[in-house]
Amino acid sequence: MKVARLYDVSDIRFEEEPIPQVKPGEALVRTRTCGICSGDVMGWYMKKKAPLVFGHEPAGEVVEVGAGVTDFRPGDRVFVHHHAPCFTCRACRRGQFVQCPTWRASRIIPGGMSEYFLVPKENLSGDALHLPPGLSFADGSLVEPTACAVKSLRRSGLQAGEKVLIIGLGIMGQLHVALARHVGAESVIGADFVSYRREKALQLGADLVLDPAQANIEDALREHSNGEMAEVVIVGPGSIEAMELGGRCAAKGGTVVLFTCSPPEAVLQVSPYQLYFNEIRLIPSYSCGPNDTRDALRLIAAGVVTAEKFITHRFPFTALHDAYRNAAEARDSLKTVVEFP
Ligand SMILES: [Zn+2]
Ligand SMILES: [Zn+2]
């Protein structure tokens, strides 16, 4: 089978590998689509993982199952999460699935950017989901990114009637826009430098979009909210500047979600005085667990999130390099997916 192995963000190579052998409890999936994640094009993050067959947003068709597998059979259309928890450890019992050692260690083999991938026992039993009839493989590729936004909004505590500011309107920001609207937010405000993205956010239900190059976001939000600011602020970019802006835009008693990690050496300075008297909560949200993927699949099946709305570019696997470049440039695009024959 053909795989795409990333050695560096500027060095992705097609390589040939044997198709993995299926053991008891496992399944082999023929990949049909795989999304390119914002994390996949983040240089410092990928460097520490390379070399690897990247791609963790796959959907495909089961072609073989190992002994003892009863929930899946050849022909089934599935989304498979690349990480799955044990469901029994202390972290899992508290619902902190991404803190489970099994979650961290589990992975699909060799990865999503491969003509076939092996689904280990934990992933198959813990976080592989059947795609309902009517959903495409491309819809299936949206389960993981949607689940990350589901988790982020759950952790934010966003309630109907509240205001939310979403800083950064790439694909993950746009998913937050659609889900915040779905939750019943009173006002959804987005900020991004790229006009294409601001336009998209309006189409997806944002009430107001701001260009940080033109407007002081904090002042514009103050005006829009009659001085109340936003009960929830989602900080998309992993930059300290964006996080500081997020902190200044939060309403008293509000929550700031740090959605993307910054490099290990970055330091965010906070004023305990400001945090304390304004009771601002700083909440990181890393990836997603099996509860979030199930919620995400329901939202996709309900049409809240669809491939039609969010997938702007599709490339064949043979044109992976163009797909990767398109996702990395992140200009006039939202989600880029790779399609397999
Ligand atoms: Zn992802
Ligand atoms: Zn666990």
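## Zinc site

The donor residues of the zinc ion (ligand 2) follow the spacing C-x2-C-x2-C-x7-C in sequence, and the model in which they are found is a predicted one. The protein donors themselves are the SG atoms of C86, C89, C92 and C100, which lie 2.3 to 2.4 Å from the zinc ion (ligand 2).

Because the four donor atoms around the zinc ion (ligand 2) subtend angles of 103 to 116 degrees, their arrangement is tetrahedral. For comparison, the ideal angle for four tetrahedral donors at a metal is 109.5 degrees.

## Aromatic pairs

Eight aromatic pairs are present in the structure. One of them joins W44 and Y45, whose ring centres are 5.7 Å apart and whose planes meet at 75 degrees, so that this pair is edge-to-face; W44, with a relative accessible area of 27%, is partly exposed.

Y276 and F277 also form an edge-to-face aromatic pair, with 5.1 Å from centre to centre and 85 degrees between the planes, and both Y276 and F277 are exposed. Elsewhere, F14, F317 and F340 form one aromatic cluster.

## Charges over rings

Two arginine residues can be described by their placement over aromatic rings: R13 lies over the face of Y7, at 3.8 Å from the ring centre, while the charged end of R77 sits over the ring of F137, at 5.0 Å from the centre of that ring.

Methods
Residues are numbered from 1 along each chain as its sequence is written. Chains are lettered from A and ligands numbered from 1 in the order in which they are written. This is a predicted model: local features need pLDDT of at least 70, side-chain atom pairs count only at pLDDT 80 or more; totals for chains, interfaces and linings use all residues. Side-chain values use heavy atoms; hydrogens and water are left out. Donors are N, O and S atoms within 2.8 Å of the metal (3.2 Å for Na, K and Ca); water is not among the atoms, so sites may look incomplete. Four donors count as tetrahedral if all angles lie between 85 and 135 degrees; four count as square planar and six as octahedral if opposite donors are over 155 degrees apart and all others between 65 and 115; anything else is irregular. Rings of Phe, Tyr and Trp (its six-membered ring) pair if their centres lie within 6.5 Å; planes under 30 degrees apart count as stacked, over 60 as edge-to-face and the rest as tilted. Buried means under 20% relative accessible area, exposed over 50%, partly exposed in between (1.4 Å probe, protein chains only). A charge sits over a ring if NZ of Lys or CZ of Arg is within 6 Å of the ring centre and within 35 degrees of the ring normal.
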